[in-house]
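Below are some notes for a colleague who has not looked at this entry before. Please read them with the sequence and the model open.

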Amino acid sequence: MKVIAAYLLAVLGGNAAPSADDLRLILGSVGADANDDNISNFLSEVKGKDLAELIAAGREKLASVPSGGGAAVAVTAAPGGGASAPAAAESKKEEKVEEKEESDDDMGFSLFD
């Protein structure tokens with residue numbers, strides 16, 4: 001990720017084809033370690049490719065990735081008895097309310113009387 005960020009910074013700074021030394025310089029300026037293998041692998045993958053095309057291809061890949069993990073759980077739970085889940089939540093709320101009332105009764109006096 002650091003190498004990608006350094007590459008993007010170099011391109012946005014006006015260097016259309018950053019070299020490994022350019023990326024090392026950027027990473028070194030912020031105190032990040034520059035792994036030569038990662039840099040050379042990355043540069044070989046992006047060599048001769050347009051940055052806008054790479055970003056567009058990445059967006060297409062990310063569009064197929066599911067996001068919002070909470071919704072998936074709710075969807076899988078709904079067919080098994082979706083109506084029972086809200087009822088259980090309501091009963092828990094009612095129990096909590098009753099516990100609070102009982103705890104006031106246990107003390108034997110009210111702070112506002």
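Is R24 buried, partly exposed or exposed? R24 is partly exposed, at a relative accessible area of 30%. Here buried means under 20% relative accessible area, exposed over 50%, and partly exposed in between (1.4 Å probe, protein chains only).

1. Basis of the notes. This is a predicted model, in which local features need pLDDT of at least 70 and side-chain atom pairs count only at pLDDT 80 or more, while totals for chains, interfaces and linings use all residues. Residues are numbered from 1 along each chain as its sequence is written, and side-chain values use heavy atoms, with hydrogens and water left out.

2. Overall make-up. The protein contains six helices and zero strands, so defined that helices (H or I, at least four residues) and strands (E, at least two) are DSSP runs, numbered from the N terminus. Along the sequence the pattern reads α-α-α-α-α-α. Of the 113 residues in the protein, 12% are buried. Among contacts (heavy atoms within 4.5 Å) with a separation of 6 or more, 41% are between residues 24 or more positions apart.

3. Surface. The protein exposes about 9100 Å², and carbon and sulfur atoms supply 58% of that area. Accessible areas come from the Shrake-Rupley method with a 1.4 Å probe; for residues, only the protein chains shown count as cover.

4. The salt bridges. Side chains of opposite charge can pair when their charged atoms come close. A salt bridge is a side-chain nitrogen of Lys or Arg within 4 Å of a carboxyl oxygen of Asp or Glu, and a search of the whole structure finds two. R24 forms one of them with D21, at 2.5 Å from N to O. Both residues lie in helix 2 (residues 20-29), three residues apart, about one turn of the helix. D21 is exposed, with a relative accessible area of 54%.

5. The link between helices. R24 also forms a salt bridge with D36, whose closest N and O atoms are 2.7 Å apart. D36 lies in helix 3 (residues 36-46) and R24 in helix 2, so the pair ties together parts that are twelve residues apart in sequence. D36 is partly exposed, with a relative accessible area of 43%. Through shared partners, the salt bridges join D21, R24 and D36 into one network.

6. The buried side of helix 1. Which residues of helix 1 are buried? They are V3, A6, Y7, A10 and V11. These residues are on the same side of helix 1, because they cover an arc of only 135° around the axis; the arc is that of the directions from the helix axis to the C-beta atoms. They pack against helix 2, helix 3 and helix 4 (51-63).

7. The other side of helix 1. L9 and L12 are exposed on the other side of helix 1. For L9 the relative accessible area is 54%. G14, which follows helix 1, has a positive phi near 110°.

8. A nonpolar patch. M1, I4, L8, L12 and I55 make a nonpolar surface patch of about 530 Å². Patches are made of residues with over 30% relative accessible area and no salt bridge: like charges are joined within 9 Å, nonpolar side chains (Val, Leu, Ile, Met, Phe, Trp, Tyr) within 5 Å. Helix 1 (residues 2-12) gives the most to the patch, with three residues. I4 is found in helix 1 and is partly exposed, with a relative accessible area of 35%.

9. The record. UniProt places the feature "signal peptide" at residues 1-16, in an unreviewed entry. UniProt positions are given in the numbering used here, feature names are shortened, and annotations may be inferred rather than shown by experiment. In the model, residues 1-16 are 69% helix and 0% strand, and the end C-alpha atoms are 19 Å apart.
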